[in-house]
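Dear colleague,

Please find below the structure that I am handing over to you. My notes on what was found in it follow directly after.

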2 protein chains.
Amino acid sequence: MLLQTPESFKSRFNVEVRVLNEVIEINKTAKTITIRNLVNNNEYIEPYDALILSPGASPFVPPIKGIKNHLTHSLRNVPDMDAIIALIDKNKPAHATVCGGGFIGLEVAEALRQRNIKVTLVEFAPQVMGPVDIEIANMLHDELEAHGVQLKLGKALQEVSECEPEDQTLTLTLDDQSKLTTNLLIMAVGVKPEVSLAVNADLEIGELGGIKVDDYMRTSDPSIYAVGDAIESPDFVTGDSMLAPLAAPANRQGRLAANVIFGAQETYKKTQVTAICKVFDLAVSSTGLNEKTLRRKAMPYEKVYVHAASHAGYYPGAHPVTLKLLFHPESGAILGAQAVGKDGVDKRIDIIAVAQRAGLSVVDLQDLELCYAPPFGSARDVVNQAGLVATNVLKGDECIFHNDHLTTLNEQQILVDVRGGNEVAKQGLIPGAINIPVDEIRSNLDKLDKQKEILVYCQVGLRGHVAACLLTNLGYKVKNMTGGFKTWQLASR
Amino acid sequence: MLLQTPESFKSRFNVEVRVLNEVIEINKTAKTITIRNLVNNNEYIEPYDALILSPGASPFVPPIKGIKNHLTHSLRNVPDMDAIIALIDKNKPAHATVCGGGFIGLEVAEALRQRNIKVTLVEFAPQVMGPVDIEIANMLHDELEAHGVQLKLGKALQEVSECEPEDQTLTLTLDDQSKLTTNLLIMAVGVKPEVSLAVNADLEIGELGGIKVDDYMRTSDPSIYAVGDAIESPDFVTGDSMLAPLAAPANRQGRLAANVIFGAQETYKKTQVTAICKVFDLAVSSTGLNEKTLRRKAMPYEKVYVHAASHAGYYPGAHPVTLKLLFHPESGAILGAQAVGKDGVDKRIDIIAVAQRAGLSVVDLQDLELCYAPPFGSARDVVNQAGLVATNVLKGDECIFHNDHLTTLNEQQILVDVRGGNEVAKQGLIPGAINIPVDEIRSNLDKLDKQKEILVYCQVGLRGHVAACLLTNLGYKVKNMTGGFKTWQLASR
Ligand SMILES: Cc1cc2nc3c(=O)[nH]c(=O)nc-3n(C[C@H](O)[C@H](O)[C@H](O)COP(=O)(O)OP(=O)(O)OC[C@H]3O[C@@H](n4cnc5c(N)ncnc54)[C@H](O)[C@@H]3O)c2cc1C
Ligand SMILES: Cc1cc2nc3c(=O)[nH]c(=O)nc-3n(C[C@H](O)[C@H](O)[C@H](O)COP(=O)(O)OP(=O)(O)OC[C@H]3O[C@@H](n4cnc5c(N)ncnc54)[C@H](O)[C@@H]3O)c2cc1C
Ligand SMILES: CC(C)(COP(=O)(O)OP(=O)(O)OC[C@H]1O[C@@H](n2cnc3c(N)ncnc32)[C@H](O)[C@@H]1OP(=O)(O)O)[C@@H](O)C(=O)NCCC(=O)NCCS
Ligand SMILES: CC(C)(COP(=O)(O)OP(=O)(O)OC[C@H]1O[C@@H](n2cnc3c(N)ncnc32)[C@H](O)[C@@H]1OP(=O)(O)O)[C@@H](O)C(=O)NCCC(=O)NCCS
């Protein structure tokens, strides 16, 4: 407990907090719990009228050969952190390996780099930060490497060498049989709901391994409630059960359980999984569903990308925000959003999270009235811009294509880069493209066969849109690549 | 035009932009406009099918004796700014006076201080930044003074001394007959809609002096549309006409007019007046109605204040955000919000602006799921906290009182400061209060007469709330002062 002590809780709220006391059993019939005092090992029994389980989730440490050793740690609480710091102070490791590229893995990697320790990050998936899609994660990959983190993506830890108490080095074997020598191994491959008490009490456990609760946070036993990382909670968009080990939902669930126990008729308002992580100079954030999930669930969706400045470009300190917006292709309902950038990322995802929760659609995002002065935003904010772009797609005013379509280009299509000649000279064309700058299209129509489909792109999508409008008005069949060359580059890293 | 040139507009959009051409007359019957070429003074006529007026608003310069002189400027566009800079470069003024404490006045005052010019700010109202209420503006007053801006609040400029072309000094007389010597006078007392063309064409003008338009941005002539600073637009909360010279609404209105002309059935979604201003190290922002307006319109409202950290206190760089939330006392509808602080102010007002636009109530603010990681927010964000506090008030779970009630304390009331003894020693009590720290209330009940009304307060309202809950449960009649001592201090500056 970082913010309170047992004494402060007692004097302020008249609530008794017993630290170093572990609940070891629940007796549902007797409505009692058995508690072990971890200081003197005494066991004792307490009755309850209502019981709230909030045991959290514990770091998942896979059963890898050799993983139990004094140089391998995971991070859940302050004692864990103290142990890692003590080891660093003692051994002065030159190199550390972080296994797992989620929130905790990335935060640890950054913290280790700040202590000037060389870091290798091993991640089984092809990308870090599972909640976002790979093209967004690719910006993090660049950022991590730029800050000296060596990435081993798509690789799993398979074995750890034997390690004697006096050893300061581990040899790690990855699943491609490559070896890695390291002085500290942090296991951050995820957390699993702490359900042993619930299992032993025969409370219903969901398919994902979390405690099952209803909309009132009640478990299968009506006197027992469960909240936080230990439970499965309903996804805001689909209603499906999921695990979302985040502090804000845990907080809301805790309040709700208390309110329900005291007679309130409130229900849980579902979890959007709004989350954010600082990765060196970048922030990455998301809410709702990502594209991977939408595909997996075979849900219909469309997506647009906007790369726009965090605030007016003519005021110092503006940085691009890359925003991916996922929406229902017919209703325009907001399915999810992801953003990455140096500044203003939290604000944009919060705005979209509120809009999503309120049931607004991408059409409504156009007209959100947001703060504008040059140091804070633009007269048309990133979110408004994303709303405009998505609305054009939704209404059929613009046909778009995505960078993955480029692999199937055929004879009946012309790929046109409408950026300026100097941009193309610097960055190159996408293979197969010809270059006609947007402002020169009118005088180059002879290069464009009206029988063919014209696929245009620019740097971020805006000039591609202008070109597409122009050509559509002239009777061409045109599609614009959403997010432009920048998104293509991110996706093809 | 900062972002485009006539050439770029032509080549990109095939739109002809004629700068230095002034429209001097509209002929509604003939559907033509008369234009004067300001370079060669030729006049010519152009026909229109649809006409959009977007002439903006011009700085209002009151007819004060002596105001027309070469040391007095106002600021609307880049040439105005260049003129001011040229004058500064030439005269090197030691002192400047800014008349008007709105967005532009404050931004100019800051810019002048950055050039190390002494600044006096004269403002007729008792506060700067009209969109917020005085207790919020008082934080700006402190900030301005801390940065060397001398404030003359509640004072109007009455007369300017005569000034010869070679003079570098003006003597200003204020309405309290005090005199002020200055080397540069910036008039920033507001803008007025540019309606001369519209008036001459007999288009309907609203009561506030702006061009009257319907929900489609059509003026009283169906072929003429008007948008931007020149029009009156409907207030989001009340629907009343108002003047809101802001870039984002202007932008939306411009798009809407164009869409309507091309057949769209869209209507204008009203103006919340979401606005923000940087004032040295602070940002001040607001959306919706302020308390002054609610009082003036005799609308029912309640208000709460929250002072909470911009992000988790244990992560470096957190600063308090002071948030005032105005809501309907029965429905909980969000009427308006104001925030001030060093960081995260834009985000909180944007979040509330979206919630307000979406029709969410203060009850919904509790459960907004916002980004949380220590560098960006808290597990329970400022906005969630404000939602909790307002909901308790709305549901009658907490009775609150406001600092202005303190002037009418009577014998049947006991004012109790529940802060710690050391806080009280440092900051003092509110006159008439006794001090019983929240954690010592249970042992000091003898000091509290159950027949009397107990008015509690703490620093920001949280411990006051805890004390109020405790005492209410014990059968006392209790009220908690929303926003606590901090709000009282701000209000009584
Ligand atoms: C390093 C780290 C960083 C994080 N950063 C963020 C972040 O930036 N943003 C975010 O949203 N979330 C973050 N989280 C997640 C967040 O901390 C959790 O979502 C939140 O704390 C969950 O609350 P909880 O009450 O469910 O569980 P916890 O906070 O884990 O509390 C559970 C408590 O129950 C105790 N307990 C378990 N079993 C028993 C038993 N049988 N008897 C008695 N006590 C028991 C545990 O010891 C623990 O103290 C982070 C987590 C970690 C580990
Ligand atoms: C110094 C300053 C700072 C500002 N900062 C902010 C801010 O931070 N945030 C914010 O939201 N808003 C800000 N604003 C307000 C914002 O600029 C306006 O709301 C917005 O520009 C209004 O757009 P508009 O098209 O109505 O008018 P304008 O942008 O003023 O454009 C009107 C144009 O019409 C021209 N015109 C007028 N009459 C005629 C005619 N008869 N013939 C031909 N042309 C004509 C004018 O010369 C002018 O160029 C600021 C304004 C100023 C002056
Ligand atoms: C400069 C300005 C007038 C340009 O207006 P504009 O051309 O409508 O705006 P944009 O250049 O952003 O283009 C918008 C169009 O491009 C599309 N677009 C933008 N980004 C896109 C992208 N990445 N992919 C596809 N399309 C995109 C939008 O959907 C929109 O389409 P539509 O108009 O066909 O429906 C406008 O940006 C503006 O008003 N800026 C504010 C000026 C200002 O800040 N004033 C304040 C002074 S204090
Ligand atoms: C520490 C913690 C458990 C305290 O919980 P709590 O007591 O419910 O929260 P608060 O101290 O904010 O108090 C909330 C109550 O005070 C009231 N309150 C808060 N500020 C107030 C104010 N300014 N004026 C009046 N009332 C106020 C709220 O309305 C609420 O009232 P209610 O509970 O009676 O309805 C909670 O803040 C928390 O979960 N923090 C997050 C921990 C965390 O960050 N974990 C993440 C680790 S990665």
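In this predicted model, a polar side-chain atom of S54(B) lies 2.8 Å from an oxygen atom of ligand 2. Two further polar contacts of this ligand involve the backbone: a nitrogen atom of ligand 2 is 2.9 Å from a polar backbone atom of Y372(A), and an oxygen atom of ligand 2 is 3.4 Å from a polar backbone atom of P245(B). On its own, ligand 2 exposes 990 Å², of which the protein buries 64%.

Ligand 2 is situated between chains A and B. Its surroundings comprise 19 residues, and the closest are Y372(A), V23(B), S54(B), D229(B) and A247(B). Two elements of chain B, β1 (21-27) and α6 (247-261), each supply at least two residues of this shell. The largest share, three residues, comes from β1(B). By class, the shell around ligand 2 consists of twelve nonpolar, four polar and three charged residues.

I turn next to ligand 3. Which chains surround ligand 3? Residues from both A and B do, so the site is shared between chains. There are 19 residues around ligand 3, and the closest are R380(A), N392(A), H465(A), N251(B) and R255(B). The side chain of R255(B) places an N or O atom 2.7 Å from an oxygen atom of ligand 3, and the side chain of N392(A) has an N or O atom 3.0 Å from an oxygen atom of the ligand. The backbone takes part as well: an N or O atom of the V460(A) backbone lies 3.2 Å from a nitrogen atom of ligand 3. Of the 970 Å² of accessible area that ligand 3 has on its own, the protein covers 66%.

As for the elements involved, α10 (382-394) and α12 (462-473) of chain A, together with α6 of chain B, each supply at least two residues of the shell around ligand 3. The largest share, four residues, comes from α10(A). This shell has ten nonpolar, six polar and three charged residues.

Ligand 4 should be read alongside these notes. It too has residues from chains A and B around it, so this site is shared between chains. The shell of ligand 4 holds 19 residues, and the closest are N251(A), R255(A), R380(B), N392(B) and H465(B).

- R255(A), with a polar side-chain atom at 2.7 Å
- N251(A), with a polar side-chain atom at 2.8 Å
- N392(B), with a side-chain N or O atom at 3.0 Å

Taken alone, ligand 4 exposes 970 Å², and the protein buries 67% of that. Helix α6 (247-261) of chain A, with α10 (382-394) and α12 (462-473) of chain B, each supply at least two residues of the shell around ligand 4. Here α10(B) gives the most, with four residues. The classes in this shell are ten nonpolar, six polar and three charged residues.

In chain A, helix α4 (residues 134-146) has 13 residues and reaches 18 Å from its first C-alpha to its last, close to the 18 Å expected at 1.5 Å a residue. Its buried residues are E135(A), I136(A), A137(A), N138(A), M139(A), L140(A), H141(A), E143(A) and L144(A). Just after α4(A), G148(A) takes a positive phi of about 80°.

In chain B, the 13 residues of helix α8 (residues 345-357) should span 18 Å at 1.5 Å a residue, and the end C-alpha atoms are 18 Å apart, which agrees. How many residues of α8(B) are buried? The count is 13 of the 13, so α8(B) is largely enclosed by the rest of the structure. G359(B) follows α8(B) and has a positive phi, near 80°.

Finally, I would draw your attention to T287(B), which is found in strand β19 (residues 282-288) of chain B. Is T287(B) buried or exposed? T287(B) counts as buried because its relative accessibility is 1%, below the 20% cut-off. The side chain of T287(B) makes a polar contact of 2.8 Å with the side chain of T274(B). Leaving aside residues up to four places away in sequence, T287(B) touches several residues, including Q272(B), V273(B), G336(B) and A337(B). Also among them are I349(B), I352(B), A353(B) and Q356(B).

Yours sincerely

Technical notes: Residues are numbered from 1 along each chain as its sequence is written. Chains are lettered from A and ligands numbered from 1 in the order in which they are written. This is a predicted model: local features need pLDDT of at least 70, side-chain atom pairs count only at pLDDT 80 or more; totals for chains, interfaces and linings use all residues. Side-chain values use heavy atoms; hydrogens and water are left out. Buried means under 20% relative accessible area, exposed over 50%, partly exposed in between (1.4 Å probe, protein chains only). A polar contact is a pair of N or O atoms within 3.5 Å; within protein, one must be able to donate a hydrogen and the other to accept it, and residues adjacent in sequence count only if both atoms are side-chain atoms. Contact means heavy atoms within 4.5 Å. A residue is near a molecule or strand if one of its heavy atoms lies within 4 Å of it. Accessible areas come from the Shrake-Rupley method with a 1.4 Å probe; for residues, only the protein chains shown count as cover. Ala, Val, Leu, Ile, Met, Phe, Trp, Tyr, Cys and Pro count as nonpolar, Asp, Glu, Lys and Arg as charged, and the others, Gly among them, as polar. The expected span of a helix is 1.5 Å times one less than its number of residues.
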